[in-house]
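Please keep the sequence and the view at hand while going through the points.

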Amino acid sequence: MPYVLGASSAGVVPQVVLGGGAPGLRGLPGGAGAPGLPGGQGERGLQGERGERGNPGQQGNPGPKGDPGPKGDQGAGTTIKGSRATPSDLPSSGNTLGDVYLMTSNGTGYSSGDGYVYTASGNDAGPGGNWHNVGQIRGPAGAAGAQGAQGPQGATGAAGLQGPQGNPTTVNGKSGSSINLIASDVGAADAAATAASLAAKAPVLNNLVANGTADDAANLSFADALQGFGEWLLKPGTIRISSNITLSAHYRFPRGVMLKPDNGVTVTFTAGLTAGAYQIFDLSAGGSIAGLAVCEVDWFHGFKNTTTDCIAATQKAIDALVNNGLGLMGAGEYRAAGGTLVATRGQSLVGRGRAITRVRWSTGTTNFIRTTGVPGSRISGIDMGPVSLSVRPTAGVALDMQVSGYFNDINISTAYRGISVKNSAGVRGYDFGVSDGRETAVYIENSNDVFLSQFVTASICDTINFSSVNGTFQAGEGLTISGSPYTGLNIIQLTGSQYRMLIPNQLAAGTTVTGNTSGAVGTISSIDYDFSLGSLRQVGACEAIILSDGDFIGGLYAKTIGSPSLTRGQCSGYNRYANVFWDTSHEGMLLSQIAQSMYIGCWSWNHGGNAVQMDSTDGLKFIGCDIGASRNIGFAVNNNNKNFNIESCNISINGSGGVRVGGSGNADFHISRNKFNVDFSQPGAKQGFGVRLDSGCGDYFWVTENSARNLVTGGIIDNSGATNKFVDRNFG
């Protein structure tokens, strides 16, 4: 039975046709059929109208960097061929790429300095030329050329217009371009106007008479009252002052100005003055100068480098200084004939250096300067000595410090007493030397808090009197003394058969001395041990004396102590010596009436007698010292020495022995950890014993841990008989 499928849309019922009968009544609509299969794709419709342009989208990320291209060929260089006035003057043939011409004129399309380069293209110069204007060409600046010769002088210009006439200076009826004023010319009401009038002129005091006769006191006082100037320049001549005057301005003294106050008149400077190292004050009439903070000694006299005694004139320079003022000595030589400079107000005296400023004694009284009164003086930069070696010191003190102060850069030669510190406290000295002092190099008496360092004292010469001399000895020549040769000994002729020379310890009267070079021969009649009696002397109550880094050489005694008793306040005590040498004296250190003192790292060496001799001492300590090469004993401990320590010392090559404790009354002492060994490989090296304790020498002592080997008579010898002792654990 055929059937026709109708549309698949909802509400359409399929129709069924049966046979050929009349159609029946339309049935009721059937229910919705199932969806039909999709139809085939229809034909493409016509293109619609173009829509409006949309908004631009966001920018995408950059793509990767491409590879670099191949390197191009090197371009042609340029060569400046020269210059042309205009482009039309450029050559049309014979050109090479890179040729350049510079224009020297201005025109249309070009300017002076433009460069035209010959290229393969471009035709700024017209037909037939491949020239291209590249603009201004300017290389780096070249070096400056040499200065040309000076041109001829130009013609004189026209004269300027004349200025208005000034008003002439008029004071008290005096007028003119230059006037001389005296005090009566100007009253108090005119002073300010006068100062303003003179302010435009050079500050030269032309109002001074300066003839040495007329009194310039009033004129100088008047000029000083004009406060418009900070400094006045004095006119040459002698300015006589008849009354006391105080000057508050600063004054400049050119050479040729001499200020001369009358007898009893004082000129006081409160603002100082300026002058060279030449005389500017004439104090021969009895006047004086005051108020100077600094002065040159040469301002007060002209005696430098002459034979005239300068002490009195130099004292006037010191007196002119204020408290703790500074006096300067010049470069050259100053003579001293026995007088003493005295600084009572802390004034200082400073030279240009001991190699430059010299003081020379012309007599045997070897005084120079004493400080007393106000503390704080400084003495520095001066060399002191005799005019010749024939001047023998008989008295005097070169540097006498009687109050707190200090000295340095000092050299003293052939003085009776070199440096004295007496009844003083707080004295400091460093970098100094004293040689050939007759009495002593350094003398300290009843003083405390004395600090001395970096010094050398040397007294290695004595005076030899010969009964006769055959020939003449030569200075510094080698000598043969009774068969023993000595080289380099200093021998200097004084007068006649009198010579000064270094004396070997065994020298005695009757000895024959022969000069190895000169052949001169002399027989000694006597020896004058006058250079010197001692290198260091301490007398009376000397406390807190500190010496370091110094060398005492020669003399009769290395060190002596002189005190009335071993009592605090009367003896030398509580002192310290560090790294100090006592060397090559006839006798060593004589220590008596001394207490509580330390010797650390010191030397006492090469003496004719004992290196150290102790009598009536208390609390001496020798630590790390070197005691040796003396003819007799290293430490000669005699009577009544208590509480002493000899520890960690080298005590060697002493002829008789190292430490000998003899006498009586010695107690509470320690001798420990010392070295007494002798190396016999050294020529002439020997020592008798290490330590010897004599019978009855004392009690309560320790002798231990000492090394005493290779000695002649024994190491540790105990004959003391003491009951309270410890003598053990020694070697040798």
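**Briefing: salt bridges and sheets**

Arg417 has a relative accessible area of 13% and is therefore buried. The model described here is predicted. Arg417 forms a salt bridge with Glu439, with 2.5 Å between the closest N and O atoms. The points below begin with this pair and then turn to other salt bridges, the sheets and a surface patch.

- Glu439 counts as buried, because its relative accessibility is 9%, and the cut-off for buried is under 20%.
- Glu439 belongs to the loop between S27 and strand S28 (440–445), whereas Arg417 belongs to strand S26 (residues 417–422), so the pair ties together parts that are 22 residues apart in sequence.

**Salt bridges of Arg354**

- The whole structure contains 19 salt bridges.
- In one of these, Arg354 pairs with Asp409, and the closest N and O atoms are 3.1 Å apart.
- Asp431 lies in strand S27 (residues 425–435), and its pairing with Arg354 links distant parts of the chain, 77 residues apart.
- Arg354 counts as partly exposed at 28% relative accessibility, and Asp431 is partly exposed with a relative accessible area of 28%.

**A salt-bridge network**

- A network of salt bridges links Glu333, Arg335 and Arg358.

**Sheet S1-S2-S3-S4**

- Four strands in the order S1-S2-S3-S4 make up an open sheet with mixed pairing.
- Strand S1 (79–84) and strand S4 (131–136) are the edge strands, and each pairs on one side only.
- From one strand to the next, the twist averages 30 degrees.
- Three bridges join strand S2 (residues 99–103) to strand S3 (residues 114–118) in the antiparallel sense, and Tyr101 stands opposite Tyr116 in S3.

**Sheet S7-S9-S12**

- Three strands in the order S7-S9-S12 form an open sheet with parallel pairing.
- Strand S7 (211–215) and strand S12 (257–261) each have a single partner strand, so one side of each is left without a neighbour in the sheet.
- The twist in this sheet averages 25 degrees from one strand to the next.
- S7 pairs with strand S9 (residues 237–241) in the parallel sense over two bridges, and Arg240 in S9 is the bridge partner of Asp215.

**Nonpolar surface patch**

- Ile80, Val134 and Ile137 make a nonpolar surface patch of about 250 Å².
- Val134 is part of strand S4 and counts as partly exposed at 44% relative accessibility.

Notes
Residues are numbered from 1 along each chain as its sequence is written. This is a predicted model: local features need pLDDT of at least 70, side-chain atom pairs count only at pLDDT 80 or more; totals for chains, interfaces and linings use all residues. Side-chain values use heavy atoms; hydrogens and water are left out. Two strands pair if DSSP finds at least two bridges between them. Axes are lines fitted to C-alpha atoms, for helices over the stretch in contact, and angles run from 0 to 180 degrees between N-to-C directions. Patches are made of residues with over 30% relative accessible area and no salt bridge: like charges are joined within 9 Å, nonpolar side chains (Val, Leu, Ile, Met, Phe, Trp, Tyr) within 5 Å. Accessible areas come from the Shrake-Rupley method with a 1.4 Å probe; for residues, only the protein chains shown count as cover. A salt bridge is a side-chain nitrogen of Lys or Arg within 4 Å of a carboxyl oxygen of Asp or Glu. Buried means under 20% relative accessible area, exposed over 50%, partly exposed in between (1.4 Å probe, protein chains only).
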